[in-house]
Amino acid sequence: MRRHIHALAIAGACALATAAGAEPAPGGLVPFKIVAVDGTDAIPDPLTDKPGDAASGAKVVVNRRQGNCLGCHQISSLKTESFHGEVGPSLDGVASRWDAAHLRMIVVNPKHVFSEATVMPAFYRVDGLSRVRAEFQGKPILTTQQVEDVVAYLTTLK
Ligand code: HEC
């Protein structure tokens with residue numbers, strides 16, 4: 001069922017992005033346009049028609065099989081979650097450091113914003129991923145809608 005929904009989301013967003021003249025992305029990903037904003041790569045256009053939902057995004061952030069963001073990041077407002085990693089910086093106030101376009105780029109592929117060496121995974125990418133479990137081979141970690149939901153949630157962390 002989940003796979004079905006994902007396929008529909010891709011088909012819908014593909015039609016949109018193609019109409020806008022974007023290049024098709026490799027690996028069956030929805031095409032998206034990366035542009036430099038204030039000298040740093042960003043993705044200004046949402047990957048889906050449906051706006052991101054912050055409450056759903058919070059669930060993806062804490063889900064160990066999806067975002068697992070708390071494996072590396074601290075978020076003070078999520079006090080109920082027991083495990084908060086310290087590999088990455090605290091995400092408290094992250095919305096005042098980055099706008100939605102840059103947050104989307106960071107979630108899709110943080111290498112564009114940080115360095116090739118970043119340990120943060122690219123959540124919407126299929127090539128160049130290491131240690132991918134067999135069931136996830138050839139699929140991005142998050143769907144386009146999950147990316148948008150996570151971005152919507154991150155923009156609430158002021
Ligand atoms: C394996 C560890 C790891 C995971 C998992 C991870 N990150 Fe990160 N993240 C980092 C590191 C490390 C940085 C700092 C950039 C760098 O030095 O590479 C970072 C930076 C960031 C930043 C920029 C923070 C700032 O203040 O500039 C955001 C936003 C972010 N991560 C969001 C997320 C989200 C959302 C998730 C889950 C979907 C996630 N990260 C999962 C390691 C991780």
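## The iron site

Six donors count as octahedral if opposite donors are over 155 degrees apart and all others lie between 65 and 115. In this predicted model, the iron atom of the ligand has six donor atoms, with angles of 85 to 177 degrees among them. Its site is octahedral. For six octahedral donors, the ideal angles are 90 or 180 degrees.

Which residues are the protein donors of the iron atom? They are His-73, through NE2, and Met-120, through SD. These donors lie 2.0 to 2.2 Å from the iron. The two residues come from distant parts of the chain, 47 residues apart. His-73 sits in the loop between α2 (54-62) and α3 (94-97). Met-120 sits in the loop between α4 (100-108) and α5 (144-154).

Are His-73 and Met-120 buried or exposed? Both are buried.

## The fold

The protein has five helices and two strands. Read from the N terminus, the order of elements is α-β-β-α-α-α-α.

Now look at the contacts between residues at least 6 apart in sequence. Of these, 52% join residues at least 24 apart.

The protein has 158 residues, and 39% of them are buried.

## Confidence

Over residues 1-24, pLDDT stays under 50. For this stretch, the model has 18 contacts beyond four places in sequence.

How values were computed. Residues numbered from 1 in each chain as written. Predicted model: local features only at pLDDT ≥ 70, side-chain atom pairs only at ≥ 80, totals over all residues. Heavy atoms only, no water. Donors = N, O, S within 2.8 Å, 3.2 Å for Na, K, Ca; no water. Tetrahedral: all angles 85-135°; square planar, octahedral: opposite > 155°, others 65-115°. Helix = DSSP H or I, 4+ residues; strand = E, 2+ residues; numbered from the N terminus. Buried < 20%, exposed > 50% of the residue type's maximum accessible area, 1.4 Å probe, protein only. pLDDT = per-residue confidence, 0-100. Contact = heavy atoms within 4.5 Å.
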